[in-house]
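Thank you for letting me take a few minutes of the meeting.

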Amino acid sequence: MLRRLAAGPGRAWAAYSRLLDAYPLPTKAATAFAIFTSADAIRQRIESYTAERPHTWDAARTMRLAGFYATVHASWIHFWYAFLDKHVGRSAAVRVVALKVCADQFFSMPIFMATLLACQTLLSGHGLDYVKAKLERDWVPTVKGAWVCWIPSLTVAFAFVPLKYRLLYANCVQVLFGIWISKQANSPIILPAKELPDTDAGLTSAPSPTPKALLADRASTAAPAAVSSLSASSR
């Protein structure tokens, strides 16, 4: 019995490896979907503890994030890592690893993060003004936060993890990173109110008088008063 239990993880790993060999991209996509479903569910649970009112699980939000990582991210990383191995090299030499990390973190990752924030915002039903405000506020902090996590993690990945297991390794790191990225992707933006026209109940206000008009008005009112005072004194 104990031998069977001990052999269970090994058999599961062997089965997963066979799936990676036979169906690499679908297997990576399914793995990403499972991991980011868990990450967003955990994030929503954390948010429920700090909410003023009871918080129910937003399944649509979870599906947006997990679906994005299962489709866009899985394909992106699958082909991008293969490209790096082909054109930069597969060795664990310091120069090769450093080039891969720099290419990933300073070229690929900023583009991916902008794509993530924009797509999640649009899929939530917001317009382009909201997307622009979201990117202006959150893109740079998200990229910086990713650097803290992924520069050391990818150094390990490129140096020691075989190519076919690299996305699995990245997704395991993503469990914790995904909790934070769920917050970044779903934090709301308050757009500034648009200026309203200077009208009252649909009526346009009268234009302000010019200085010449004010002087002419004062002269017209002062002349009758002076005439009446003179006539009174003559009496």
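Predicted model: local features only at pLDDT ≥ 70, side-chain atom pairs only at ≥ 80, totals over all residues.

Let me begin with a cysteine, Cys119, which at 27% relative accessibility counts as partly exposed, because that label covers everything between buried, meaning under 20% relative accessible area, and exposed, meaning over 50%, with a 1.4 Å probe and protein chains only. Cys102 is likewise labelled partly exposed, at 40% relative accessibility. If we take a disulfide to be a pair of cysteine sulfur atoms within 2.5 Å, a search of the whole structure finds zero of them.

Residues are numbered from 1 along each chain as its sequence is written, and side-chain values use heavy atoms, with hydrogens and water left out.

Now to the aromatic rings. A pair of such rings is described by the distance of the centres and the angle of the planes. Rings of Phe, Tyr and Trp (for Trp, its six-membered ring) pair if their centres lie within 6.5 Å, and planes under 30 degrees apart count as stacked, over 60 as edge-to-face, and the rest as tilted. By this rule the count comes to 13 aromatic pairs.

One of these joins Trp76 and Phe112 edge-to-face, with 5.2 Å from centre to centre and 80° between the planes. This pair links distant parts of the chain, since Trp76 sits in helix H3 (residues 59–87) and Phe112 in helix H4 (residues 94–123), 36 residues apart; helices here are DSSP runs (H or I, at least four residues), numbered from the N terminus. Trp76 is partly exposed at 24% relative accessibility, whereas Phe112, at 6%, is buried.

A tilted pair is formed by Trp80 and Phe107, at 6.0 Å centre to centre and 40° between the planes. Trp80 lies in helix H3 and Phe107 in helix H4, so this pair ties together parts that are 27 residues apart in sequence. Trp80 is buried, with a relative accessible area of 13%, while Phe107 counts as exposed at 51%.

Finally, which residues does Val88 touch, leaving aside its neighbours within four places in sequence? With contact meaning heavy atoms within 4.5 Å, they are Phe83, Val96, Leu99 and Lys100. Val88 itself lies in the loop between H3 and H4, and its C-alpha atom is separated from that of Lys100 by 7.0 Å.

Terms used. Helix = DSSP H or I, 4+ residues; strand = E, 2+ residues; numbered from the N terminus.
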